[in-house]
Amino acid sequence: MSATPVRVLIADDQPLLRHSLALLIDATDDLTVVGQASTGRETVQRGRELRPDVVLMDIRMPGGDGIEATKHLTEDPALAGTRVLVLSMFELDEYVYAALRAGASGFLLKDAEPDQLLDAVRRTHRGESLFAPRIVTRLVEHYLDRPAIRRSRSVDRLTDRETEVLVQVARGLSNDEIAAVLGISIKTVKTHIGNLLAKLAARDRAQLVITAYETGLVSAG
């Protein structure tokens, strides 16, 4: 457990949902809600004021949607330590891809169990990409229907082990799960992920996921 609670900003246009999420998060010892917002513009303003660790971001909000707000937050150098976890009722392809392109670190559906949501906030704060299983499935199906984008020289320069780690990251595995699957230590997993971020010029694990799918490293199997 972290000595300092993870600071969360809740962005959703539904007051009842914001209140429910705040109660759930504040009931834990390692997470705390530092603010709420009901529009895209307010989310950006509050994010810049509060500099939260994690923003729980709704997709459909008035006054600039969650995708636009995510883009503004992730492109702000002053908010380099802030990560966005999109929470939506919808699993439509355009929302997933737009959220990832805008810089979101994960995508969770609103029908997730409370414990799943809390775990998602913690994982997002740790820098682990988080995608609901159905979202991962849709990503695979989407990219299987498209020709792989030409592999960049950066991907070709990856070692075999780095490529294996990248594939597991794209499949949504946590550091612990990757270590177990590949039979290596968590410390080694973190080292490989650090190398991947540097070699692929990726901001976070979510961008590694995009690269893995677009270059054809991940298949339905």
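Which residues line the second largest cavity? The legends below take up this and other close-up views.

**View 1. The second largest cavity and its lining.** This is a predicted model, in which local features need pLDDT of at least 70 and side-chain atom pairs count only at pLDDT 80 or more, while totals for chains, interfaces and linings use all residues. Residues are numbered from 1 along each chain as its sequence is written, and side-chain values use heavy atoms, with hydrogens and water left out. Two cavities of 30 Å³ or more are found in a search of the whole structure, a cavity being a set of points, on a 1 Å grid over the protein atoms alone, where a 1.4 Å probe fits but cannot get out. The second largest cavity has a volume of about 30 Å³, where volume is the space filled by probe spheres set on the points, which are joined across faces, edges and corners. Its lining (residues with an atom within 4 Å of a point) consists of Ile10, Ala11, Asp12, Leu21, Leu56, Met57, Asp58, Leu87 and Lys110. Strands β1 (6–11) and β3 (54–57) are the elements that give two or more residues to this lining; strands are DSSP runs of E with at least two residues, and helices are runs of H or I with at least four, numbered from the N terminus. By class, the lining has six nonpolar, no polar and three charged residues, with Ala, Val, Leu, Ile, Met, Phe, Trp, Tyr, Cys and Pro counted as nonpolar, Asp, Glu, Lys and Arg as charged, and the others, Gly among them, as polar.

**View 2. The crossing of α9 with α10.** The axes of α9 (175–182) and α10 (residues 186–199) come within 9 Å and cross at roughly 105°; axes are lines fitted to C-alpha atoms, for helices over the stretch in contact, with angles running from 0 to 180 degrees between N-to-C directions. The two helices α9 and α10 are therefore roughly perpendicular to each other, a term for angles of 65 to 115 degrees. Asn175, Asp176, Ile178 and Ala179 of α9 make the contact with Ile186, Val189, Lys190 and Ile193 of α10, contact meaning heavy atoms within 4.5 Å. Five of these residues are nonpolar, one is polar and two are charged.

**View 3. The crossing of α8 with α11.** Here the axes of α8 (160–170) and α11 (residues 205–214) come within 8 Å and cross at roughly 105°, which makes α8 roughly perpendicular to α11. On the α8 side the contact is made by Leu166, Val169 and Ala170, and on the α11 side by Arg205, Leu208, Val209, Ala212 and Tyr213. The classes in this contact are seven nonpolar, no polar and one charged.

**View 4. Ser174 in the loop between α8 and α9.** Ser174 is buried, with a relative accessible area of 11%, where buried means under 20% and exposed over 50%, computed with a 1.4 Å probe on protein chains only. Leaving aside neighbours within four places in sequence, Ser174 is in contact with Arg123, Glu128 and Arg205.

View 5. Most residues other than glycine have a negative phi.

Note on methods. Parallel < 35°, antiparallel > 145°, perpendicular 65-115°, else oblique. 1 Å grid on protein atoms, 1.4 Å probe; cavity = no way out; pocket = protein on both sides within 12 Å on 5 of 7 lines; lining within 4 Å.
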